[in-house]
Number of protein chains: 2
Amino acid sequence: MRAKIGQRNDHTFCGVEATLEVIGGKWKGVILYHLVPETLRFGELGKLMPKITQRMLTRQLRELEGDGLVHRKVYPVVPPRVEYSLTERGRTLAPLIMQLKNWGDAYLSKEQPGTGFDTETPGD
Amino acid sequence: MRAKIGQRNDHTFCGVEATLEVIGGKWKGVILYHLVPETLRFGELGKLMPKITQRMLTRQLRELEGDGLVHRKVYPVVPPRVEYSLTERGRTLAPLIMQLKNWGDAYLSKEQPGTGFDTETPGD
DNA sequence: CTCCTTAGTATACAAAGTGATAGTATAAAC
DNA sequence: GTTTATACTATCACTTTGTATACTAAGGAG
């Protein structure tokens with residue numbers, strides 16, 4: 001599924017799906033979001049997303065890199081240092097990411113007015 | 001996992017994730033996209049997305065309904081007739097959906113220069 | 001020599017998502 | 001009585017995602 005984006009032979013494949021495939025991973029949107037303002041090291045990204053495991057962070061980053069949205073810069077030092085930043089193409093996603101965030105924030109603050117549907121956050 | 005949107009017990013939960021949770025399903029973006037210009041019946045949506053199974057169409061639609069983005073109108077007739085349309089909240093997603101599509105189309109046209117894939121826009 | 005660091009990888013396993021197929025309900029048409 | 005139509009639901013199997021945990025490399029500190 002990660003192999004090639006946009007190679008589905010069915011003619012209904014469109015940009016909506018393509019974009020969602022690229023940013024739709026569980027953490028990709030947030031990773032991209034964090035990378036918009038600044039370049040970050042692997043560990044820094046991890047601290048910004050306490051719930052993510054190293055494995056997932058690695059994987060999502062690799063996929064993002066594979067899709068040409070994120071650049072990975074390795075410094076051959078010990079201990080290792082790797083920096084992640086948005087590529088030019090990745091930067092073109094910034095407005096979209098921001099819109100994603102804005103809509104989401106608004107959505108969260110409104111919480112389903114009287115649909116009988118429960119979207120409430122319990123005490124936790 | 002569909003149970004609750006916005007469980008931001010951890011402070012890193014943000015709008016980006018919330019939005020992605022809502023539209024990130026495999027078919028949700030496309031469903032929403034098809035519903036932007038017009039109300040559609042269950043079967044019509046199915047025809048617009050030949051690859052989707054009834055099961056998935058039903059489920060994605062229910063989740064969208066549960067998230068308050070899609071309205072489901074049932075006509076008590078035989079054979080059954082059910083119409084799906086965007087709710088007011090769903091309409092607020094339209095610009096985002098379009099941006100998703102635009103970015104994706106641009107991405108596809110650059111990533112795959114002439115691989116014979118088809119980027120036809122459904123319902124455009 | 002052992003321990004510490006960072007950015008991973010390897011392995012095992014659980015959960016979620018997806019697909020194929022078949023079945024249900026009801027009224028009208030035949 | 002059987003078939004047709006629509007919008008589902010149920011079941012099973014399989015694939016993808018995600019988690020937890022342990023382990024690696026290589027140089028410096030002690």
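Guide: A disulfide is a pair of cysteine sulfur atoms within 2.5 Å. This is a predicted model, in which local features need pLDDT of at least 70, side-chain atom pairs count only at pLDDT 80 or more, and totals for chains, interfaces and linings use all residues. Residues are numbered from 1 along each chain as its sequence is written, chains are lettered from A and ligands numbered from 1 in the order in which they are written, and side-chain values use heavy atoms, without hydrogens and water.

Visitor: How many disulfides does the structure hold over all chains?

Guide: Such a bond is covalent and joins the sulfur atoms of two cysteines. Over all chains, the number of disulfides is 0.

Visitor: Is A:C14 buried or exposed?

Guide: Buried means under 20% relative accessible area, exposed over 50%, and partly exposed in between (1.4 Å probe, protein chains only). Because its relative accessibility is 0%, A:C14 is classed as buried.

Visitor: Which residues are closest to DNA strand C?

Guide: A residue is near a strand if one of its heavy atoms lies within 4 Å of it. DNA strand C is surrounded by 22 residues, and the closest are A:Q54, A:R62, A:R72, A:Y84 and B:K26.

Visitor: Which side chain has an N or O atom 3.2 Å from a base oxygen of DNA strand C?

Guide: A polar contact is a pair of N or O atoms within 3.5 Å. With a phosphate oxygen of DNA strand C, the side chain of A:R62 has such a pair at 2.6 Å, and that of A:Y84 has one at 2.5 Å. For the base oxygen at 3.2 Å, the side chain is that of B:R55.

Notes
Polar contact = N/O pair within 3.5 Å; in protein donor to acceptor, adjacent residues only side chain to side chain.
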